[in-house]
There are 2 protein chains.
Amino acid sequence: MGAKSSMKQFEIITESDARMLEIGETVALRRGGHITPLAADTLRERRVTVLADDRLDPSQLNLAPPAVITRVAIGSDHGGLALKAALTSSLRSKGIAVDDLGTLSAEPVDYPDTAARVAKAVARGEADAGIVIDGAGIGSAIAANKIDGIRAAVCHDLTTARYARQHNGANVLSLGATLIDQADALKIVDVWMSTPMLEPRYIRRLTKIRDLEQG
Amino acid sequence: MGAKSSMKQFEIITESDARMLEIGETVALRRGGHITPLAADTLRERRVTVLADDRLDPSQLNLAPPAVITRVAIGSDHGGLALKAALTSSLRSKGIAVDDLGTLSAEPVDYPDTAARVAKAVARGEADAGIVIDGAGIGSAIAANKIDGIRAAVCHDLTTARYARQHNGANVLSLGATLIDQADALKIVDVWMSTPMLEPRYIRRLTKIRDLEQG
């Protein structure tokens, strides 16, 4: 979090600036600032997030989820075991560190327990994002949203997966194991993980969600 | 809430018992108790909810949402105005009291504000249930879930509408105005409102969500 609050700000981003930025870094472009065409390509390649607005203060910028997800916490109830296993092995094969927080057996467990475990790991910064699974995904999303700092979204297709990040900065994805098949779930996770949150006006709305947590 | 915590408990429910119960009332049937066949028809007609388990204490039973919804609070952001108007007039034509908590104009507003207004009205008991609307429904559900006592679910079809009540006792329904059409939204609201929460093991899980709210 310390690194993010000293986010680099630019009036202009050139190709050589872009090359100096870290992969997945988020930077701010001041109002009226610009990006050279060559720099734009490099920024895209390096998955750099450019927030083209200087009206956000650092604490607001911190609300946007990390643009690049390298550590995922995952959890499911007994109904989501097979989907959890499939997602875990797919993510690991792509080099993502996955922390499987259970459940680990077919014995019935309560979705609020498994969802809260994942949500708390994300809230503590132990993972960049979380995935929770139960029969319909609805209960796990409700439970995860009870944890301060968590924005959990049930996604059932690629559109909701994209919206959940772009508009709502969802840092926990909830899936319904009985409602989507494994192949679709893999695609949903992929889109959700690779969609950044860029719009300052959407990020600003997250401050109002944070205020509800405190109120 | 006082009335509910003195919920009637039965060893046996006869036809004449059933006739004495109020429409939409929830009663408990002790373990090993039974319902006569004639009483069963009358209970169904009167939309009486029978919780067939005596292992739930009154504070747990209070977590289940009212089986019959007569007062609804509704709210949307600017993107949900048309859908809000359609739902409001449909519900009112069915004799449901609808409290429209805005927004009332096309000027952009922030979904956390409109969703929180509805969620707080439901949490204070001013409505039996709430409906929140924005472009995808995701953000409003996240915001509403930040309010203690609220379980908000995005429903995009009849299956999720039914699950949201049956399994999760959702007292706030969230709809995505850009993702479902009006006719489908009307059906979703209808199924969501008319599905009771009956399973003691599902109700018991709501106590774990309540515990997450408390910290």
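Biologist: What is the bridge partner of B:Val72 in β5(B)?
Modeller: B:Val98 is the bridge partner of B:Val72. This is a predicted model, where local features need pLDDT of at least 70, side-chain atom pairs count only at pLDDT 80 or more, and totals for chains, interfaces and linings use all residues. Residues are numbered from 1 along each chain as its sequence is written, chains are lettered from A and ligands numbered from 1 in the order in which they are written, and side-chain values use heavy atoms, leaving out hydrogens and water.

Biologist: How many bridges join β4 and β5(B), and in which sense?
Modeller: β4 (residues 71–76) of chain B pairs with β5(B) in the parallel sense over 4 bridges. Strands are DSSP E runs of at least two residues, helices H or I runs of at least four, numbered from the N terminus; strands pair if DSSP finds at least two bridges between them.

Biologist: And what is the strand order of the open sheet?
Modeller: β5-β4-β6-β8-β7 (chain B), 5 strands with parallel pairing. β5 (97–100) and β7 of chain B are the edge strands, each pairing on one side only.

Biologist: Switching to the interface: how many salt bridges are there between chain B and chain A?
Modeller: There are 8 salt bridges between chain B and chain A, each a side-chain nitrogen of Lys or Arg within 4 Å of a carboxyl oxygen of Asp or Glu. One of the side-chain pairs in a salt bridge is A:Arg205 with B:Asp110, at 2.7 Å, N to O.

Biologist: How many residues does each chain give to the contact?
Modeller: Chain B gives 37 residues and chain A gives 37 residues, with contact meaning heavy atoms within 4.5 Å.
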